[in-house]
Amino acid sequence: MGTKIDIGEVTELKRMEWEKRFIMKDDGFHCPKCDSIIQQTTCYVSVYFREFRELAGGGEVRHVPYPYCPNCDGKPENVSGYIKEPYI
Ligand SMILES: [Zn+2]
C-alpha cells in the first residue's frame, strides 16, 4: 500500500529542499539514513491562477519529479501539490 502525499504549494525552495534531504554520490542520490538509492515518482502539480483568492485554475496539471527513499519513505502512491501563476 502506497501513501498519499500532499505537498501543498510547490515552490522552487521546496523543490531544492527535496534534493537536500539526500546525499549526491557518483551513481545518484542516496538516503542519508539507510544509503538506499533514491527513486523518483511523479508529483502532480495543479496550476492555479494567482489572481484568485480561492484555489481556482484552468485544469492544467504539470508533472514534476519527486524524489523519495524506497526504504524509509515507502512508495508514495499519489503525490500532489499546486503552484500559483498569473492568469494572463
Ligand atoms: Zn532511507
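Predicted model: local features only at pLDDT ≥ 70, side-chain atom pairs only at ≥ 80, totals over all residues.
Residues are numbered from 1 along each chain as its sequence is written.

Helices (H or I, at least four residues) and strands (E, at least two) are DSSP runs numbered from the N terminus, and Q39 lies in strand 4. Although Q39 and Y68 are 29 residues apart in sequence, they sit 5.5 Å apart in space, C-alpha to C-alpha. As for burial, a residue is buried if 20 or more other C-beta atoms lie within 10 Å of its own, exposed if 12 or fewer, and partly exposed in between, with the C-beta atoms placed from the backbone. Q39 counts as partly exposed because it has 16 C-beta neighbours inside 10 Å.

Now the overall picture. The C-alpha trace spans about 45 × 30 × 15 Å along its principal axes. Of the 88 residues, 9% count as buried. Among contacts between residues at least 6 apart in sequence, 67% join residues at least 24 apart.

How are the strands arranged in the sheet? Four of them form an open sheet in the order 1-6-4-5, and the pairing is mixed; here two strands pair if DSSP finds at least two bridges between them. Strand 1 and strand 5 stand at the edges with a single partner strand each, so one side of each is left without a neighbour in the sheet. From one strand to the next the twist averages 25°, where axes are lines fitted to C-alpha atoms, for helices over the stretch in contact, and angles run from 0 to 180 degrees between N-to-C directions.

Going through the pairs, strand 4 and strand 5 are antiparallel over nine bridges, and in this pair C43 stands opposite V64 of strand 5. Strand 4 and strand 6 (residues 76-85) run parallel and are joined by seven bridges. On the strand 6 side, C43 has V79 as its bridge partner, Y44 has S80, and V47 stands opposite I83.

Strand 6 also runs parallel to strand 1, with six bridges between them. Here I5 stands opposite V79, and the bridge partner of D6 is S80. Is strand 1 (residues 3-9) buried or in the open? The number buried among its seven residues is zero, so strand 1 lies largely in the open. N78 counts as partly exposed because it has 13 C-beta neighbours inside 10 Å.

Turning to the interior, a nonpolar core means a set of buried Ala, Val, Leu, Ile, Met, Phe, Trp, Tyr and Cys residues joined through C-beta atoms within 7 Å. The largest such core has eight residues, namely V10, I38, C43, V45, Y66, Y68, C69 and V79. Strand 4 (39-49) and strand 5 (57-68) each supply at least two residues of this core. One member, C69, is in contact with C31, C34, S36 and I38 once its neighbours within four places in sequence are left aside.

My last point concerns D35, which is found in the loop between strand 3 (28-30) and strand 4. Most residues other than glycine have a negative phi. D35 is not a glycine, yet its phi is positive, at about 65°. Where does D35 stand on the burial scale, buried or exposed? D35 counts as exposed because it has 11 C-beta neighbours inside 10 Å.

How values were computed: Contact = placed C-beta atoms within 7 Å.
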